[in-house]
Amino acid sequence: MNTTNFRHKMIEQQIRPWSVTDLQVLETLNVIKREFFATEAQLPLVFSDIFLPILDTAEVMLEPKIEARVLQALKPNGRDIVLEIGTGSGYMAALLAYFAKSVTTVEILPTLADFAISNLNKCRIPNVKVELGDGSEGWHLASNNTYDIICISGGLKDVPTALQHQLTIGGRLFAFVGEAPVMSAVLITRLSHDYFQTQALFETLVPMLTSQQSQAEVFEF
């Protein structure tokens with residue numbers, strides 16, 4: 001399989017037309033190989049404009065064009081400390097880590113956490129730490145941890161206040177907010193201690209973020 005050719009088509013035919021114009025972001029999509037975060041059986045589909053299931057779970061890799069829009073909206077600098085909620089395959093964490101000082105990514109499913117660690121190690125990405133747990137309401141709140149960037153890689157009905165307050169002043173949070181049939185991709189910037197600015201970037205629909213609550217609902221059903 002000529003991955004170079006398929007990757008080029010993905011960038012030129014899917015991603016650029018979707019208002020991704022940052023040249024550094026586009027180059028990162030060439031450097032961080034998306035196929036390294038999927039299984040061998042998925043290689044024929046890894047560059048397609050679809051949700052790609054991750055192992056035998058309900059979790060997915062988002063469409064490449066959405067991943068690129070997220071990266072363009074957040075694009076860390078070399079000093080930024082990043083938190084991602086919803087590790088999945090580890091691909092989004094890897095993209096963010098290309099620009100950031102460090103990335104902590106939180107995954108609730110042990111099998112996916114192990115999968116992401118394996119993928120990140122395979123790609124020799126040293127500045128990502130995968131942690132296991134439910135980060136949907138915040139992460140290590142008792143330690144008063146703050147982050148320059150927070151990326152929520154799944155849908156939420158709304159963004160918890162606790163997560164917003166884990167932003168540093170000037171920090172940015174990306175989230176998919178709402179429910180079917182449409183969600184809003186939003187960028188929240190913390191301008192002061194108690195003032196947050198919300199910008200709607202585009203409309204889409206993504207799977208809801210897995211949390212302890214949603215797992216309990218599944219088991220109850």
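Predicted model: local features only at pLDDT ≥ 70, side-chain atom pairs only at ≥ 80, totals over all residues.
Two packed helices are described by the angle between their axes and the distance between the axes. Helix α1 covers residues 3–15, while α2 covers residues 23–31 and α3 residues 64–74.

The axes of α1 and α2 come within 10 Å and cross at roughly 150°. Angles over 145 degrees count as roughly antiparallel, so α1 is roughly antiparallel to α2. Their crossing is right-handed. On the α1 side the contact involves R7, I11 and I15, which meet L26, L29 and N30 in α2. By class, this contact has 4 nonpolar, 1 polar and 1 charged residues.

Helices α2 and α3 pack at an angle of about 130°, with their axes 10 Å apart. That angle makes α2 oblique to α3. The crossing of α2 and α3 is right-handed. Here V25, T28 and L29 of α2 meet A68, L71 and Q72 of α3. The residues of this contact divide into 4 nonpolar, 2 polar and no charged.

The remaining pair is α1 with α3. These helices pack at an angle of about 80°, and their axes are 10 Å apart. An angle of 65 to 115 degrees counts as roughly perpendicular, which is why α1 is described as roughly perpendicular to α3. M10, Q14 and I15 in α1 meet P64, K65 and A68 in α3. The contact of α1 with α3 is made up of 4 nonpolar, 1 polar and 1 charged residues.

Next comes a residue in a strand. R172 is found in strand β7, which spans residues 167–179. Leaving aside residues up to four places away in sequence, R172 touches A73, L74, K75, D80, D148, I149, I150, L167, L187, I188 and T189. Among these contacts, A73 and L74 fall within the range of α3, residues 64–74. R172 and R16 are 156 residues apart in sequence, and their C-alpha atoms are 23 Å apart in space.

Rolling a probe the size of a water molecule over the atoms shows where empty space is left. In this model the count comes to 3 cavities of 30 Å³ or more.

The largest cavity has a volume of about 230 Å³. It is lined by 19 residues, of which V60, M61, L62, G86 and S153 are the closest to its centre. Strand β2 (60–61), helix α4 (91–97) and strand β6 (147–156) each supply at least two residues of this lining. By class, the lining residues of the largest cavity divide into 9 nonpolar, 7 polar and 3 charged.

The second largest cavity has a volume of about 90 Å³. Its lining consists of E59, I85, G86, V106, E107, I108, G133, D134, G135, L209 and T210. These residues divide into 4 nonpolar, 4 polar and 3 charged. G86 lines the second largest cavity and is also one of the residues closest to the centre of the largest cavity.

Conventions: Residues numbered from 1 in each chain as written. Heavy atoms only, no water. 1 Å grid on protein atoms, 1.4 Å probe; cavity = no way out; pocket = protein on both sides within 12 Å on 5 of 7 lines; lining within 4 Å. Points joined across faces, edges and corners; volume = space filled by probe spheres on them. Helix = DSSP H or I, 4+ residues; strand = E, 2+ residues; numbered from the N terminus. Nonpolar A, V, L, I, M, F, W, Y, C, P; charged D, E, K, R; others polar. Axes fitted to C-alpha atoms, helices over the stretch in contact; angles between N-to-C directions. Parallel < 35°, antiparallel > 145°, perpendicular 65-115°, else oblique. Left-handed = near helix turned anticlockwise from the far one by under 90°. Contact = heavy atoms within 4.5 Å.
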